[in-house]
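Me: Could you walk me through a model, one question at a time?

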Amino acid sequence: MSRFLEDLTLFLKEKDEHLIRVSEYKNGVIETVEFEETDYCRNVYSVAKTFAMTAIGILYDKGLIKVEDKVCDILSDELPERGMDERWRNATVENALTHKLGLPGGFLDIDCNKSSVFTENYLDYMFRYPLKCDPGTEYCYSDGAFYLISCIVEKITGICLDTFLWKELFLKLDFQEVAWSHCPKGHAMGATGLYIHSSDMVKLGALYLNNGVYNGDRILSEEWCRLAVEKHYALDWDDESHTVYQKGGMHGQSLMVIPGSKRAVAVQSFNGDTGSVRNFARNYKDQQQKGV
């Protein structure tokens, strides 16, 4: 086990944080410490959004999409014939990536609501739902934004989001086991419902840490990695010091990137306080003489 994980374990020993496991990436090596026995794959909830965002990045690098593209242009054959708020026609891909579509907070939250709330056709339900404001004007966090991202990826590629990511990301990063929740129409939810192990979850952090390169292979452009952080596409600096950028998920899931120490950390928990892990990782000083 790495010195970082050893020290983190000692740090957490006296705390009741309800952590399940923590994985660390450092210098090309991934190691995991398990705090309790559980299923191999866990729901990472909203950390799924960072994976969906990465699919847009892959399409962006291939020249198949621009963040300025209009959502309704891409999904033109999915729009309802009547009952749609016309302001939808101004919504862009970037509005979805930054939660500025005009949807209300918590919209399409499958973790808290039954599927019958959204009817059989989630996309039609979304386009018929009255927007609370003009797209691009207000930040309002919702799962609906990244369900839309999933549908956009599927429309452009002709295959479901998770199938596309197996081809373009998961295989290249040597993922072991992945499952993603789908809506009744078969579209991956995008925003949540991604079941993976923290040792695979942390590989996405490593990809952004290394500016789009993983194990010597370029997966994403440096430009997209920079845009994702600068424009808050499902990755955010956690404070003004800009020492850790991350994406969190319900019940204490967290994917962290610490550029200063060239480390990525993934946390899976159940109602745990991952702030303790983040603060530890932010302040941790590697000891060169005793190993890392």
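Reply: Happy to! This is a predicted model, in which local features need pLDDT of at least 70, side-chain atom pairs count only at pLDDT 80 or more, and totals for chains, interfaces and linings use all residues. Residues are numbered from 1 along each chain as its sequence is written, and side-chain values use heavy atoms, with hydrogens and water left out.

Me: How many residues of α2 are buried?
Reply: Helices here are DSSP runs of H or I with at least four residues, and strands are runs of E with at least two, numbered from the N terminus. Helix α2 covers residues 48-61. Buried means under 20% relative accessible area, exposed over 50%, and partly exposed in between (1.4 Å probe, protein chains only). By that cut-off, the buried residues of α2 number 13 of its 14.

Me: Is D174 buried or exposed?
Reply: D174 sits in the loop between α7 (161-170) and β4 (179-180). Its phi is positive, about 60°, although D174 is not a glycine. With a relative accessible area of 59%, D174 is exposed.

Me: What is the relative accessible area of H251?
Reply: H251 lies in the loop between β9 (245-249) and β10 (253-258), and has a positive phi of about 65° without being a glycine. H251 is partly exposed, its relative accessible area being 21%.

How values were computed: Expected span 1.5 Å × (residues − 1).
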